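Me: Could you walk me through this fold, strand by strand and then into the core?
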Amino acid sequence: MFALREGAIAVGALASLAAPSGAANAEGVRSVVELFTSQGCSSCPPADRILGQLARDPKVLAISFPVDYWDYIGWKDTLATPSYTARQKAYASTSGKGQVYTPQVIVNGLTDAVGSDLEAIETAERETAKASGVLSVPLSVAERDGKIDVSVGAAPVGSAHAASVYLLALARSRTVTVERGENAGATLTYSNVVRAMTKIGDWNGAPVTLQADVAQAHLDGADSYAVILQAGDRAQPAAILAATRGP
């Protein structure tokens, strides 16, 4: 089923390193999959389930960004924030496509696919893995004394980028019973739901160490976190150059 509004389409249509105790690095992470979803979108539950499957793969950082632009059709998404909608729209603007839709995934910051199409997601993973800079930068995190130390390595020779470092506070699982709208009566489970996205610093290709408070990783009931290094900025997000989960 397609549900339409201006600017939106609902369904349908974006070497192993040892780490010390209490630390995590990007070993094995081969892709970052961002799902833009809504409790008010009848076509989203299959995508939410696929995201849950991907989230169980240690080589995939799979995260959910609930958006709010379907709230008008009868149910206000209890997990959505305008900032997640703004991120999706920024991707649409950067890609030149202009439109946003649910369920949409963005893979490695570069390519979109329908969130309920696992084959398309896997194709996007393979294709974007070949792109310059994608998941090419060493990144590790460690916790000590209430702080998160984030260490970002050097860019590969000839591939320096201006990029931002973000801390994503995640709720590993959230279950919601929808009372009205297209999914009325349904109980839906969301995986790795972003509860806050905090920029903690900039990177210009040279090694840098940044720090954040552990409390920032647990905002709004979050019980997990991840760190990503992404080219561009909030208004023009581009390739994800590194990603890791918290310890």
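Reply: Happy to, and keep in mind that this is a predicted model.

Me: How many bridges join strand E9 to strand E10?
Reply: Strand E9 covers residues 139-144 and strand E10 covers residues 147-152. They run antiparallel, and the number of bridges joining them is six.

Me: Which residue takes a positive phi in the hairpin of E9 and E10?
Reply: This hairpin has two residues between the strands. The phi in question is near 55°, and the residue that takes it is Asp145.

Me: In E13, which residue is the bridge partner of Val152?
Reply: E10 is also joined to strand E13, residues 208-213, by six bridges, and these two run antiparallel. In E13, the partner of Val152 is Val208.

Me: How many residues does the largest nonpolar core have?
Reply: Nonpolar side chains tend to be buried together in soluble globular proteins. Here, the residues with the most contacts inside the largest core include Leu61, Phe65 and Met197. Among the elements giving two or more residues to this core are strand E5 (60-66) and helix H2 (82-95). The core's residue count is 25.

Conventions
Residues are numbered from 1 along each chain as its sequence is written. This is a predicted model: local features need pLDDT of at least 70, side-chain atom pairs count only at pLDDT 80 or more; totals for chains, interfaces and linings use all residues. Side-chain values use heavy atoms; hydrogens and water are left out. Two strands pair if DSSP finds at least two bridges between them. Helices (H or I, at least four residues) and strands (E, at least two) are DSSP runs, numbered from the N terminus. A nonpolar core is a set of buried Ala, Val, Leu, Ile, Met, Phe, Trp, Tyr and Cys residues joined through side-chain atoms within 4.5 Å. Buried means under 20% relative accessible area, exposed over 50%, partly exposed in between (1.4 Å probe, protein chains only).
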